[in-house]
Amino acid sequence: MKKYTPSRLLFLLCLSLYANTTLQAKISVRPTSNVNRQRISINKGWHFFKYDSVAKADKLIYDVRPEVSGSTEYKVADAKPTEAVEVKTTQEVLKPWILPSANGFINDPQKRHVRPKGNPCSNFPFVQVGFDDNSWERVDLPHDWAIKGPFMTGSNPEVGGGMGRLPSNGVAWYRKKLDIPASDAGKSIFLDVDGAMSYAIVWLNGKLVGGWPYGYNSWRLDLTPYVVPGGKNQLAIRLDNPNNSARWYPGGGIYRNVWLTKTSPVHVGQYGTYITTKNVSKNSAILNLEVTVDNNSKTNANVSIVTRVFALNSAGKPVGDPVTRFASENTKIATGKNAKISSTVTIQNPKLWGPAPTQTPNLYVAVTSVSQRGKIIDTYETRFGIRSMEFNPNKGLLVNGEYIQIKGVNQHHDLGGLGAAFNTRAAERQLEILREMGCNAIRLSHNPPAPELLELTDRMGFLVIDEIFDSWERKKTALDFHLIFPEWSEPDARSFVRRDRNYPSVIMWSFGNEVGEQYTGEEGAKVAKRIHDIVKEEDTTRPTISAMNFAKPDMPLPAVLDAIGLNYQGEGIRQSPEFDGTDRIRTAPQYDAYHAKFPDKVILSTETASAFSSRGIYLFPVSKEISAPLRDGRGGDSKTHQVSSYELHAVDFGSSADKVFGTLDQHPFVAGEFVWTGWDHLGEPTPYYESRSAYCGMIDLAGFKKDRFYLYQSHWRPEFPMAHILPHWNWAERVGEITPVHVFTSGDEAELFLNGKSLGKKKKAQYEYRLRWDSVKYEPGELKVIAYKNGLKWAENTVKTTGAATKLLASADREIVNSDGKDLTFITVQIVDKDGLVVPRSNNSIEFSIDGPAEIVATDNGDATNMVSFASKEREAFNGLCLVIVRSKAGEKGKITVTAKSNGLKETQINLQSK
Ligand code: GAL
């Protein structure tokens, strides 16, 4: 093994600079109903160290990587992926010791990895029990080391706009002492990591345990052979997150929850239950249950397994007596092996799980008990739902017999100013705002989520396309997943399905997005078939899909997939004459061609639109077209890097919302769409890579609604009376100039008034989704719209020219927070005039402070160009609005006061409670 002398010296030097106090965080124990199985959160009290630069980092690497030269920054999102680069090395790497961690997810025993002899790197200081890490930073998980920045501004940043200009790259260590009591001797002890970004390698007490490279998957390591019961046990985790590994902001660190799971040696295995339902009706349903029990004891075990099923209430708590039970099954499990039992039961009058708003997302929990010699030795809970699902190629999706049009959005994993660090309340808020818009489905682009997100979609009744890969063998960025695809595609795909197959909200498995194998004919289709088959081996109840922006119906790849997922191809790509002669993808509209070629496959649009806007920015002149690419003076401004909110412009290969609605309405066999995107995300700031975050959301990064939100709401919630006027009406410099007024309404006609004078009534024509008064001349005052539906008054909306900004106004999405140290409240601060109207173009700087048992964790304003750290307590408003995110402190209750101040404006305070 290589000696690590330079790094070691660096560290000893570095550590000697710090004080010598010891902090040994206690593990918080939260036992389940059965003392034989404990799932203990170990999020608190980690010691963290990140090297200043990759060059200075230790060399305990998983594997060597290709050299990256030049920048991959300005690559168009739909650029053709390229071949992997082969790297050869004689350097010793840790990969052979990590690969065995995948064995549980490799089906062919011949292909499983054998751990080489030896204990590499046991001499490295950071892995040793005695190493003094007191000088390291104290952090709690989930932790994203990059989100506080600083943003890398300028023209040649180390991390570019694509990955969000934040320092997610680099090598870092997390260490934590685990208290393992003597009474744990004889138990099986596992480390369960919901997600660590990335290339995690784990040591316990100086011994290399294993690891998991892919940052978005959840994984488990068996610590049992390395644990010393009755003492402190030193856990050390090394992460190595490469630059040029993603097309968006990946975050960095252990950014999801981490658990210690303790069980009897004979126990239900990891993801050890699988529940499917069939013959589902209101009257009855057949439930099938598979349970896998592992025997890690030294002797063979005779066990009996019984599972009772309870209904869950809307708060997720079991209620009443069991509604049914699976008959007890006996099985013998040889030492070191596992056994799978399968049983079936019919449940009467099941409460079905179905998507909101027309159905209710009812849930159940199956409680499985494993007994040996009459004594319960393990209890395992599985949440699930009972629903029928059918994909009809001519009609789309039927859930419990009801046709549900998919009104979906793509969502990236980040939570804006909170970064990648998962927070349930922040994710719930994203879903709540999407729901208000009429969204009923999300596609998890392009990676598996935190498990808690699927708990939310189950509970709230969203439909989900769960997705695992953005690339296979061919690469989009130099160091993306393609590097590990050969060895990890099977284990990653299997563990992804096994983890998520009991969530009723998951309706499809997507195993790819715009992959390079679309371009490689039969060879690419072979890769697709291999992953497709793996997914089907793990779950037969949901179709597979892989999103295609290039493959045509007569190419080999689509034939492999159960369902056809088209990105942008339904509307056609780059069809206008201005793209004549381009070497980019140009494609005529494809819905009919696909439907004709695959009459038995359901088609849906996995990505539509990719339209852009900056909230509150309106640029003139306004395009007459309903959908146009973005250029300077045509919806965009390459000096300010802002995009117009008239909502008429999209990425070159995309289409405006209006155009997509029209195409879908003319192709009713298409099951629906997933718009690119619901919320803005960090990184991938097309069309201006000088920025930090995307422009394609209907909701900005701070959670403020763009005009597009109302366009979707008007179409997706036709029964909800609403009308929305744009732009704002503060155009002192435009008096007498043409200033078009557009209205989004769920009504079918509307009359617009300027200062009480009618500007005419307009009616939506077929396949028209907005009403536009394009020749309005600006004069200050009041714009009012009255919308009608079927001849009756339906909704109205008013926009007024405001006075000067005089004060701040604050409102919180929740005034009471839970004192659990995780709960959040999102406070919006508006800059208003004397009458309380939001002053549209005000960008005053605001300073925030807080009193009481809570802290300010982030501020934001939704401006994609803003390079102020999210951790800053001072921030400019963007077009009248600013956001401050406040988190409770664990165990501390009482009154919280948040104050916002700005020079020349009356300050504001808001009072909250932590309970
Ligand atoms: C698509 C891609 C998405 C995103 C989008 C941006 O081609 O699948 O991940 O990059 O373009 O417009």
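## Ligand contacts

In this predicted model, a side-chain N or O atom of Glu607 lies 2.7 Å from an oxygen atom of the ligand. The protein covers 98% of the 310 Å² of accessible area that the ligand has on its own.

The residues surrounding the ligand are Ala77, Arg247, His446, Asn513, Glu514, Asn567, Tyr568, Glu607, Ser610, Phe653, Trp676 and Glu684. Sorted by class, this shell comprises 4 nonpolar, 4 polar and 4 charged residues.

## Helix α4

Helix α4 spans residues 451-460 and is mostly covered, with 8 of its 10 residues buried. The buried positions are Pro451, Glu452, Leu453, Leu454, Leu456, Thr457, Asp458 and Met460.

Just after α4 comes Gly461, whose phi is positive, at about 80°.

## A three-stranded sheet

Strands β29, β30 and β31 form an open sheet in the order β29-β30-β31, with mixed pairing. Its edge strands are β29 (631-632) and β31 (642-643), each of which pairs on one side only. In general, the strands of a sheet pair through backbone hydrogen bonds, in either a parallel or an antiparallel manner.

Strand β30 (residues 635-637) is joined to β31 by 2 bridges, and these two strands run antiparallel. Across this pairing, Gly636 stands opposite Val643 in β31.

## Cysteines

The structure holds 0 disulfides. Cys439 is in no disulfide, and the nearest cysteine sulfur to it, that of Cys696, is 14 Å away. A disulfide would require the two sulfur atoms to be within 2.5 Å. Cys696 is likewise in no disulfide, its nearest cysteine sulfur being that of Cys439, 14 Å away.

Are these two cysteines buried or exposed? Cys439 has a relative accessible area of 2% and is therefore buried, the cut-off being under 20%. Cys696, with a relative accessible area of 5%, is also buried.

How values were computed
Residues are numbered from 1 along each chain as its sequence is written. This is a predicted model: local features need pLDDT of at least 70, side-chain atom pairs count only at pLDDT 80 or more; totals for chains, interfaces and linings use all residues. Side-chain values use heavy atoms; hydrogens and water are left out. Buried means under 20% relative accessible area, exposed over 50%, partly exposed in between (1.4 Å probe, protein chains only). Helices (H or I, at least four residues) and strands (E, at least two) are DSSP runs, numbered from the N terminus. Two strands pair if DSSP finds at least two bridges between them. A residue is near a molecule or strand if one of its heavy atoms lies within 4 Å of it. A polar contact is a pair of N or O atoms within 3.5 Å; within protein, one must be able to donate a hydrogen and the other to accept it, and residues adjacent in sequence count only if both atoms are side-chain atoms. Accessible areas come from the Shrake-Rupley method with a 1.4 Å probe; for residues, only the protein chains shown count as cover. Ala, Val, Leu, Ile, Met, Phe, Trp, Tyr, Cys and Pro count as nonpolar, Asp, Glu, Lys and Arg as charged, and the others, Gly among them, as polar.
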